[in-house]
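Here are my notes for a first look at this model. Please read them with the structure open.

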Amino acid sequence: MAVVGLGAIGSSALWQLAARGVDVVGVEQHEPGHDQGGSTGRTRLFRVACLEHPGLAPIARRSRELFRELEASSGEELLLESGGIMIGQPGSRIIEGTLATAREHGLPVERLDDAEVARRLPAHAVLDEGDVGLWDPEAGVARPEATIVAAVEAARAAGARVRTGERVLAIEPDDEGVTVRLASGDLRVARVVVAAGPWIAQLVPSAPVVPHRVVQTWFRPKEGRDAGIERLPVFIRSVPGLAGEPRWIWGHGALPGDLVKVGGEFDGPFDPDDPDAIDRGLHVGETDDIRDQVAATFPDLEPEPAAWTTCIMAHTPDGQFLVGRADAAGRVVVAGGCSGHSFKHAPALGELAAQAAVGESPATDVAFLDPRRFEHLVPSTAG
Ligand SMILES: Cc1cc2nc3c(=O)[nH]c(=O)nc-3n(C[C@H](O)[C@H](O)[C@H](O)COP(=O)(O)OP(=O)(O)OC[C@H]3O[C@@H](n4cnc5c(N)ncnc54)[C@H](O)[C@@H]3O)c2cc1C
């Protein structure tokens, strides 16, 4: 078997396949933990009460178990549970989405009124009247680059072969198996897991995944102010004064030796960017929106970003991921389409991809992530 792309999901798929005793090779165009794909930027938010879909809560919890296994094998802290607060108006997507997931799974999410939010989390004292907060005690911060390196090492330790610095040029399934085309010579395998992140549609054209350049930003606390993660745990919240708009910001306080991370909502539709030609510079005015949103929300922060970097998002039409068989014969399994919220799920998505590849039943219902839900979007070549 082969896994193409050893980023967040592929590194886990490789590990999980090797752990099942499968003879598997992983191919990655860069080195594990690189900064050219969708998993760069030092941290990612982890939440269990996922506002995006109730079906994601069990996947996040399974991921947490796998993060802990990787922490044990690597000796690195990969997931820090800080708790997290979602703030918005009743009826907003942030609040109703989080509540729906919490209700469906009986999660220990606590509802706070605006006065209680300001008292318990003074960093969030600037609120719109009527805002409510939902405290998810299971939320936290995950470390993407270190997790990927740890998963690749765990895969190697379980017997996987790893080929880095090699680009897969094409994937060609046929009646007997799959040819994975490489410049250095083709691989012939029974099945392939394609976890190529923002590049996935280049290799599997039926995957409607749109790559899009995003700028990540970090902020410094004002002189003498505390903006550490304990005072400013993980958050997703509406911007004061913009509660009626479909806009929110997300982030977390500073980890030791680092800055405060704040990002804006990823609101499409998105123009596709070429993942091989991403503009890695910063354009004039590009961080003005986030600067204004930070200024309106956090009086303790210097509103001008202190650091930034580019990253590539991989969007699907419905904002949910793809994991499962892409073809009727099951020779090609796809896993990706991050849509801005998949890192927390990546260890479990890798496991689900491995399960699809070996024909095991998935541990949780993932019909809503079935790649074939988009079949009707693929242009017909007939006639
Ligand atoms: C700015 C930003 C913020 C985000 N915030 C959060 C968050 O707070 N919480 C959260 O849960 N998620 C978040 N996400 C989403 C999450 O980080 C990504 O979904 C996830 O890391 C993507 O993982 P992936 O495995 O799909 O892709 P990647 O990690 O990009 O992996 C794909 C890999 O495939 C390799 N590859 C591609 N093509 C080929 C080829 N032809 N041959 C060989 N190798 C190839 C690439 O080099 C890459 O290593 C965010 C995403 C972005 C961009």
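1. A backbone N or O atom of Phe343 lies 3.0 Å from an oxygen atom of the ligand. Such a polar contact is a pair of N or O atoms within 3.5 Å; within protein, one must be able to donate a hydrogen and the other to accept it, and residues adjacent in sequence count only if both atoms are side-chain atoms. Taken alone, the ligand exposes 1,000 Å², and the protein buries 98% of that (accessible areas by the Shrake-Rupley method with a 1.4 Å probe; for residues, only the protein chains shown count as cover).

2. A word on the basis. This is a predicted model, in which local features need pLDDT of at least 70, side-chain atom pairs count only at pLDDT 80 or more, and totals for chains, interfaces and linings use all residues. Residues are numbered from 1 along each chain as its sequence is written, and side-chain values use heavy atoms, with hydrogens and water left out.

3. For Ile9, a backbone N or O atom is 2.9 Å from a ligand oxygen atom. For Val168, a backbone N or O atom is 2.9 Å from a ligand nitrogen atom.

4. Now the shell. The ligand is surrounded by 35 residues (a heavy atom within 4 Å). The closest are Glu28, Ser39, Arg44, Cys338 and Ser342. By class, 17 are nonpolar, 13 polar and five charged. Here Ala, Val, Leu, Ile, Met, Phe, Trp, Tyr, Cys and Pro count as nonpolar, Asp, Glu, Lys and Arg as charged, and the others, Gly among them, as polar.

5. Which element gives the largest share of the shell? Strand β18 does, with three residues. Elements supplying at least two residues each include α1 (8–19) and β14 (210–219). Helices (H or I, at least four residues) and strands (E, at least two) are DSSP runs, numbered from the N terminus.

6. The protein is divided into domain 1 (2–55 + 144–209 + 318–377) and domain 2 (84–137 + 211–313), with bounds from an automatic or database domain assignment. Each domain gives the shell at least three residues. Their C-alpha centres lie 28 Å apart. The contact (heavy atoms within 4.5 Å) takes 27 residues from domain 1 and 33 residues from domain 2.

7. Finally, His212 lies in strand β14. A polar atom of the His212 side chain is 3.0 Å from the backbone oxygen of Asp271. Beyond neighbours within four places in sequence, His212 is in contact with residues including Phe270, Cys311 and His315.
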